[in-house]
Amino acid sequence: KDSEALQRIITTLANKNEELHNFIETLNHLLAGVQVNSSRVVSDLEEEFDTLFSILEEAKESMTNTIKQEQARKSHELQNQMLQSTNALESSEELLEFATHALDIKDQEAVTMAPAFRLTMKPKATDTMSHLMVDFSQERQLLQGLRFLPVPRAPEFEVQDCLVVDNAVTVVWRMPAEDSKIDHHILEYRKANHEGLPRVQDERCWEIVDNIKTTEYTLTGSSYPLRIARLKFDSKFMNFRVRACNKAAAGDYSDPVTLETKAFNFGFDPSSSHLNLKVEENSVEWDPQGSKGLDSKVKGKENKGSAHLTNLKNMTRSGTPSPKRGSTPRSPAPRGGRDRFTGESYTVLGDTSIDSGQHYWEVEALKDCKSYSMGVAYRNMGKFDQLGKTNSTWCIHVNNWLQSSFAAKHNNKAKSLEVAVPERIGVYCDLDGGLLSFYNADSKQLLHMFKTKFSQPVVPAFMVWCGGLSLMTGLQVPSAIRSFQKAENGLGGSNSSLNNMPQ
């Protein structure tokens, strides 16, 4: 007991140390951010003032030019008027002299009025420039009132209202105080593989959803080329943060919230696959040439019988052997792994075991696939074993070769399924409840249900011949299926003939 208590203390201290390291990294990141953002804000401020100075300089230059133009116009008009007046004065003086002499002339009709009497004596321009005066009192008050922009406060998440269901995430937040000037919100999210506060290092970049007009948002996606938009949850958790924006500025981020995705994410295990299967992370295809590369190796080894070599050559020459014909040579098992499936077991397993809980994934067959199966098996499934033919495997099987059939199989027993084969099939496994169910992934119609008692962890299992399968994981158990399982309480209806089979 003392050792257990000490172990708990050590675990608690280790977790606290990790939290402190993460917090110190966060503080260092914030300090660096303060320096960078302060420099950026000062630069922006200088740019704004330079722009303001430039506008004032342009306005000053324009208004000065207007004053100079008005000065030139008035000066020109007054100078012209002065020239005309000077000329009129000279003419008037000559006329005055002539009129004085004319008193002695008998013919006085020769004296005429001087041009000076026809000249206006009103100046054409005044010396006032008051119409070009400016009043900057209001502008001065505006400049004196320059302040930093009002920034919205940080929103707060309503964690109890946030939902993660059907591979969509709905987040809800509120403002701590009413703010009528808020124009929109910016939501940021990223995937994470740990619970708690976001970490600075070893994290994916934040993805942004801008211009959200409400305080609620549902995040969906199109991770698969399906009719249903949904996210692929390839991480255990997701971090979210949000900030409010008015017309001028964006506020501080909210405290982040971390939500658990609760999805089963796995791929095919290439180390387990039959040599005639070409395996990628989320797809597997039948490859009739897959074992050709071993011909030279087989010839170089000890002679294990001419019949075996002849059979191998016939298989590679024929292109696409029937599942009941030919054989495939054994491939050495990877170090630390299990033997590959061989013989007529064209099988590949998933790379992740199901130890407990409820899980869901979907499978879609490529067009014209001749034969395929999907289900679960114990990890120790024999390398020659075929899905559904042993008591450690459960599956549904589709056969489009010669005579079409659709059946549920376990322990070498089969039950024909009187429903159409859907385009995509959903597989639901409840290890603790002893349930394995198959659904039409689109309509969520139940195709078949096994009710059993699993004695050990299981692993997703697949068989394919002359075709291929596409795997969709990172999915939550759909709410419709979860509700159906609760309502049915494990009853398989007409599928009961394959339920409760001895293990």
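In which helix does Leu56 lie? I find Leu56 in helix H1; helices (H or I, at least four residues) and strands (E, at least two) are DSSP runs, numbered from the N terminus.

I note that this is a predicted model, where local features need pLDDT of at least 70 and side-chain atom pairs count only at pLDDT 80 or more, while totals for chains, interfaces and linings use all residues. Residues are numbered from 1 along each chain as its sequence is written, and side-chain values use heavy atoms, without hydrogens and water.

Leu56 counts as partly exposed because its relative accessibility is 44% (buried is under 20% relative accessible area, exposed over 50%, partly exposed in between; 1.4 Å probe, protein chains only).

Entry on salt bridges. I count 13 in the structure, each a side-chain nitrogen of Lys or Arg within 4 Å of a carboxyl oxygen of Asp or Glu. Arg73 and Glu70 meet in one at 2.7 Å, N to O. Both lie in helix H1, three residues apart, about one turn of the helix. Arg73 is partly exposed at 37% relative accessible area, whereas Glu70 is buried at 15%.

Next I looked up Asp234, which pairs with Lys191, the closest N and O atoms being 2.9 Å apart. This pair links distant parts of the chain, 43 residues apart: Asp234 is in the loop between strand E6 (216-219) and strand E7 (237-246), and Lys191 is in strand E4 (residues 182-192). Asp234 is partly exposed, at 32% relative accessibility.
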